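Student: Could you help me learn to read a protein model?
Tutor: Gladly, let's look at one together.

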Amino acid sequence: MAETISFERLFPTLSPDQIERASAHGHIRKVEPGEVLVEAGTPNTRFFIVRTGQLEVVRPTESGETVVFALGPGQFTGETSVLEGRRAMVHIRAIASCELSELDREHLLSLIQTDSELSDILMRAFILRRVELIARGYGDVVLLGSSHSADTLRIKEFLTRNNHPYSYIDLDTDSSVQTMLDRFHVSVADVPVLICCGNGDAVLRNPSNEQIADRLGFNEAIDRTHLRDVVIIGAGPAGLAAAVYGASEGLNVLVVESTAPGGQAGSSSKIENYLGFPTGISGQDLAGRAYSQANKFGAEVIVAKTAIELSCSRKPYAVVMNDGVTILTRSIIVASGAQYRKLALENLRQFEGDGVYYSATFMESQLCIGEDVIVVGGGNSAGQASVFLAQTARRVYLLVRSSGLAASMSRYLIRRIEESPSIVLLPQTEIAAVEGKDRLERVRWRNTRTGENDIREIRHVFVMTGADPN
């Protein structure tokens with residue numbers, strides 16, 4: 001039964017009345033067998049409902065192509081990329097003579113904003129289809145990397161937090177990796193390597209986040225010459241909330257984000273004390289919902305770009321971007337969030353991403369399966385990280401400067417820590433030194449009350465000491 005429900009949500013069938021209501025926002029189109037409607041690697045800006053005939057969704061592969069699904073009468077194309085105007089991941093073509101209802105992106109957004117029933121059906125299907133693409137790795141990029149590389153982790157986090165499907169080949173464990181390296185004429189020294197397929201194959205050697213966004217067309221559909229009603233700097237929870245509220249009132253909203261939607265909340269393993277989610281929600285899921293909600297109302301989010309200057313001497317105001325483009329706007333909201341507090345250790349930066357982390361998500365947890373880890377901090381973020389990491393790590397040492405947790409952590413987290421046999425609480429304790437060659441190898445901590453030092457062979461430290469306004 002669960003599979004049937006899941007299948008129906010992925011590929012629901014609209015009723016005749018729903019088809020006609022949706023069709024009123026577009027036009028009728030007839031196509032012949034073999035005609036390509038959407039091509040992988042090109043902007044996905046058109047939405048189709050099958051009235052008669054049949055379409056097939058095809059995924060390009062190295063050996064040719066794989067048919068993902070066939071769409072019959074009442075079913076429709078699209079996933080979240082059609083709302084964002086990003087590139088399509090699949091080909092869509094007719095396998096029989098078809099009559100279709102076609103809507104462009106602007107009219108699809110109008111339909112979603114005005115028809116509550118169809119909005120629920122379409123948005124649910126779009127989101128679930130993107131989740132399925134991510135789960136199956138049905139993307140247009142392959143990442144060759146190493147678990148010992150900070151840049152590999154950076155790229156994985158950037159793609160994941162931007163909800164972009166990708167395949168990953170681990171240099172350390174996959175026996176076929178040398179074949180891939182030889183095929184694309186790259187060496188181990190080039191790792192991490194991002195292989196971009198379709199729309200002109202490309203090999204990116206340790207690319208920056210901005211280079212990845214540009215190559216994959218994350219911002220292609222965004223016209224930065226438009227005069228905006230609101231430009232929001234930062235796509236954390238506050239920025240996304242402002243985008244939803246502004247766009248839902250009909251304002252032309254652009255959000256500028258240097259990394260990925262969600263901000264620091266997007267890197268939380270699980271949030272349980274946020275209103276409206278009694279069973280908790282991961283930061284990534286919370287960010288994804290807010291981002292989809294902003295897209296639904298027509299707000300646009302430009303990622304991997306930075307605002308470096310605001311000119312407010314006259315109207316319209318000007319926001320100068322790091323690539324030299326100037327965006328004009330009637331108003332500006334600065335929602336630049338916070339910066340992580342860091343430990344006062346001389347060589348800390350050497351190990352950031354290579355043993356020292358500021359978030360504890362599924363990706364980081366996979367790096368320390370069966371190993372001992374340290375979590376530093378006495379607040380809720382440290383408590384959440386400790387409980388989460390205890391599911392995969394052998395032992396979690398929770399280091400706090402104070403004499404206990406009661407003054408700084410929610411009671412429900414304290415009880416979970418107390419009841420977990422894998423978590424060792426070390427009060428009045430701080431890290432005195434981190435050591436290693438290419439990556440973190442050992443940690444020395446000190447009891448501030450007794451002055452006693454302890455050295456442990458530990459390769460993973462999670463710093464959860466809060467943040468300061470940015």
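Predicted model: local features only at pLDDT ≥ 70, side-chain atom pairs only at ≥ 80, totals over all residues.

Here we talk through confidence, a sheet and the nonpolar cores.

Student: What is the average pLDDT of the protein?
Tutor: pLDDT is the predictor's confidence in each residue, from 0 to 100. This protein averages 92, and 98% of the residues score at least 70. Residues are numbered from 1 along each chain as its sequence is written, and side-chain values use heavy atoms, with hydrogens and water left out.

Student: Which order do the strands of the open sheet have?
Tutor: Strands of a sheet pair through backbone hydrogen bonds, either parallel or antiparallel. Here four strands pair in parallel, in the order 14-13-12-18. Strand 14 (300-303) and strand 18 (332-334) are at the edges with a single partner strand each, so one side of each has no neighbour in the sheet. Strand 12 (residues 230-233) is joined to strand 18 by three bridges, and Ile232 has Ile333 as its bridge partner. Strands are DSSP runs (E, at least two residues), numbered from the N terminus, and two strands pair if DSSP finds at least two bridges between them.

Student: Which residues touch the most other members of the largest nonpolar core?
Tutor: In soluble globular proteins, nonpolar side chains tend to be buried together. In this core of 30 residues, they are Leu159, Leu194 and Val253. Beyond four places in sequence, the contacts of Leu194 include Val141, Ile155 and Pro207. A core is a set of buried (under 20% relative accessible area, 1.4 Å probe, protein chains only) Ala, Val, Leu, Ile, Met, Phe, Trp, Tyr and Cys residues joined through side-chain atoms within 4.5 Å.

Technical notes. Buried < 20%, exposed > 50% of the residue type's maximum accessible area, 1.4 Å probe, protein only. Contact = heavy atoms within 4.5 Å.
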